[in-house]
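Colleague: I am new to this structure and would like to learn how to read it feature by feature. Could you take me through it slowly?

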Amino acid sequence: MSRVSPGGNLDRTIVLVGLMGAGKSCIGKRLAQHFGLPFVDADREIEAAAGCSISDIFEVHGEQAFRDGERRVIARLLNNPVHVMATGGGAFMDPQTRALIKDKSISIWLRAELEQLLKRVGRRNDRPLLKNVDQRAKLTELMDIRYPVYAEADVTVDSADGPPEMTMDRVLDALDAYLHSDAAE
């Protein structure tokens, strides 16, 4: 029986990484449902721990304070029983967080094209890194900086520009290939 079948016996948490708008939360919820596992959105957990929004943390305390809290929350979450977690776009950039994710989970990079990201991020206005900036320029800059690091994830899946089920199918195929390769041993 395939280890990625519904209700399958995954033995490690699945952590989704990628830029804002790549579909981490959307696909994460579907993956969790597929496997019968809890879904955790690291950003929501950070907000709960801080008692305020991520935008407020950035505005009042700065990005470094947010990143410190993010690292602590993700480390705590990775000690929980197996689940599916969506991380914020910058989480995997932190070397300590990246090492923890590599050690305790299967990381999946949802890679998306610039036009796709622009379309998706335009639906929300609560993204601190995109406030009062040229979103195209900022996302291009983030892609240049982050994509080489995201490429260190265990699995890379291109986020489809279509129904979430298209990306979900790609994730399940890639996860199945990864779990049945020597890399997963």
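Modeller: We will go from the overall layout to the core, and then to one helix and its aromatic rings. Please keep in mind throughout that this is a predicted model.

Colleague: How many helices and strands are there in the protein, and in what order do the elements run from the N terminus on?

Modeller: The protein has 8 helices and 5 strands, and, read from the N terminus, their order is β-α-β-α-α-α-β-α-β-α-α-β-α. Of its 185 residues, 50% are buried. Among the contacts between residues at least 6 apart in sequence, 73% join residues that are at least 24 apart.

Colleague: Which residues touch the most other members of the largest nonpolar core?

Modeller: That core has 52 residues, and those with the most contacts to other members are I14, L31, I108, L110 and L117. Let us take I14 as a case, which sits in strand β1, residues 13–17.

Colleague: Is I14 buried or exposed, and which residues does I14 touch beyond those up to four places away in sequence?

Modeller: I14 counts as buried because its relative accessible area is 0%, where the cut-off for buried is under 20%. Beyond its sequence neighbours up to four places away, I14 touches L31, F35, H83, V84, M85, I106, I108 and L175. I108, for its part, is in contact with I14, V15, L16, V17, A153, V155, V157, V171 and L175, once neighbours within four places are set aside.

Colleague: Now to a helix: where does the kink in helix α7 lie, and which residue caps the N-terminal end of α7?

Modeller: Helix α7 covers residues 135–150, and its kink of about 35 degrees lies at D144, shortly before the proline P148. The cap at the N-terminal end is D134, with a side-chain oxygen 3.0 Å from the backbone nitrogen of R136.

Colleague: Which residues of α7 are buried, and what do they pack against?

Modeller: The buried ones are K138, L139, L142, M143, R146, Y147, V149 and Y150. They pack against helices α4 (63–78), α5 (95–104) and α6 (114–121), as well as strand β4 (105–111).

Colleague: How many aromatic pairs does the structure hold, and what describes a pair of aromatic rings?

Modeller: In general, a pair of rings is described by how far apart the centres are and by the angle of the planes. There are 4 aromatic pairs in this structure. Another pair is Y147 with Y150, which is tilted, at 6.0 Å between centres and 45 degrees between planes. Because Y147 and Y150 are 3 residues apart in helix α7, about one helical turn separates them.

Colleague: Which residues form one aromatic cluster, and where does R111 lie?

Modeller: The cluster is made up of W109, Y147 and Y150. W109 is buried, Y147 is buried with a relative accessible area of 14%, and Y150 is buried with 0%. R111 lies over the face of W109, at 5.2 Å from the ring centre, while R98 lies over the face of F92, at 6.0 Å from the ring centre.

Definitions and conventions: Residues numbered from 1 in each chain as written. Predicted model: local features only at pLDDT ≥ 70, side-chain atom pairs only at ≥ 80, totals over all residues. Heavy atoms only, no water. Core = buried A, V, L, I, M, F, W, Y, C linked by side-chain atoms within 4.5 Å. Buried < 20%, exposed > 50% of the residue type's maximum accessible area, 1.4 Å probe, protein only. Contact = heavy atoms within 4.5 Å. Bend = angle between axes of the 7 residues up to and from the residue. Helix = DSSP H or I, 4+ residues; strand = E, 2+ residues; numbered from the N terminus. Polar contact = N/O pair within 3.5 Å; in protein donor to acceptor, adjacent residues only side chain to side chain. Phe/Tyr/Trp six-rings, centres within 6.5 Å; stacked < 30°, edge-to-face > 60°. Lys NZ or Arg CZ within 6 Å of the ring centre and 35° of its normal.
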